Amino acid sequence: MIRVDAALFAAAQAGDPVALEKMLRELQPDIRRYARHQCHRTTAIEDVVQEALIVLYRRLGSVRDPLAIAGWIFRVVTRLCMLPALALIRGAEELTERHEAEHFAQVPKDELRIDVVHALESLPEIYREVILLRDMEQLTIAEAANRLRITREACKSRIHRGRALLREYLQGDESRGGEK
């Protein structure tokens, strides 16, 4: 369990460089121990520890209570340990997108237009309207959300789901060899 001396914490937050250095030095073993449990790659542990200390250094002023610092540091370390996995996922998504782009580049344009129209028609109304606003009219997320009278988060969610449904529909045609 991470414990921070309240007086040391207050002095570090007040800008005392000696207190800040001492607090970071005292927290480092606990951060390293937690990183060992969270990170799947042992080569990332030291990087995660250093990044967590930097985040702590930069954001110390936003922590209100020294008792909350342990949970806050654990969340930071957990997120930092996830970064390599997220990078792999993004890389895989980029490969998939590249494969899809190569496939659709080979489909005749008239045929592709018809497929896209059918895909859009297949969408439930709530997804179709947000896709048309965002991708066809090229409104920003905020503009589309305002037009639909929904939150930005709901707009983003509908865009994501609508695009996934479009992709499924179009890939379904691809998996059938283009037969409809």
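These legends describe close-up views of a predicted model.

**View 1**
The predicted chain holds eight helices and zero strands. From the N terminus on, the order reads α-α-α-α-α-α-α-α. The chain has 180 residues, and 32% of them are buried. Its accessible surface is about 12,200 Å². Carbon and sulfur atoms supply 53% of that surface. Among contacts with a separation of 6 or more, 57% join residues 24 or more positions apart. Six salt bridges occur in the structure. The views below include three of those pairs: E21 with R25, E26 with K22, and E46 with R32.

Helix α2 covers residues 17-38. This helix has 22 residues. From first C-alpha to last, α2 reaches 30 Å, close to the 32 Å expected at 1.5 Å a residue. The bend at Q28 is about 35 degrees. A proline, P29, follows within four residues. Several α2 residues are buried.

**View 1. D16 caps the start of α2.**
Which residue caps the N-terminal end of α2? The cap is D16. One of its side-chain oxygens lies 3.0 Å from a backbone nitrogen. That nitrogen belongs to V18.

Side chains of opposite charge can pair when their charged atoms come close. In this view the side chains of E21 and R25 form a salt bridge. The N to O distance is 3.3 Å. Both residues sit in α2, four residues apart. That spacing is about one turn of the helix. R25 has a relative accessible area of 49%, so this residue counts as partly exposed. The cut-off for exposed is over 50%.

The salt-bridge cut-off is 4 Å. How many residues apart are E26 and K22 in helix α2? They are four residues apart, so about one helical turn separates them. E26 is partly exposed, at 42% relative accessible area. K22 is partly exposed as well, at 38%.

**View 2. E46 and R32 link α3 to α2.**
The side chains of E46 and R32 meet in a salt bridge, with N to O at 2.8 Å. This pair links distant parts of the chain. E46 lies in helix α3 (residues 45-59), while R32 lies in helix α2. The two residues are 14 apart. Is R32 buried or exposed? R32 has 19% relative accessibility, so this residue counts as buried. The buried cut-off is under 20%. E46 is partly exposed, at 39%.

R32 has its place in helix α2. Leaving out residues up to four places away in sequence, R32 touches I45, E46 and V49. With E46, the contact is also polar, side chain to side chain, at 2.8 Å.

P66 lies in the loop between α3 and α4 (69-106). Its relative accessible area is 18%, so P66 counts as buried. Which residues is P66 in contact with, leaving aside its neighbours within four places in sequence? They are V4, A6 and F9. The C-alpha atoms of P66 and F9 are separated by 6.4 Å. Along the chain, these two residues are 57 apart.

**View 3. R149 has a positive phi.**
Most residues other than glycine have a negative phi. R149 has a positive value, near 60 degrees. Where does R149 lie? R149 is in the loop between α7 (141-148) and α8 (152-175). At 78% relative accessibility, this arginine counts as exposed.

Note on methods:
Residues numbered from 1 in each chain as written. Predicted model: local features only at pLDDT ≥ 70, side-chain atom pairs only at ≥ 80, totals over all residues. Heavy atoms only, no water. Buried < 20%, exposed > 50% of the residue type's maximum accessible area, 1.4 Å probe, protein only. Contact = heavy atoms within 4.5 Å. Areas by Shrake-Rupley, 256 points an atom, 1.4 Å probe, with all protein chains shown as cover. Expected span 1.5 Å × (residues − 1). Bend = angle between axes of the 7 residues up to and from the residue. Polar contact = N/O pair within 3.5 Å; in protein donor to acceptor, adjacent residues only side chain to side chain.
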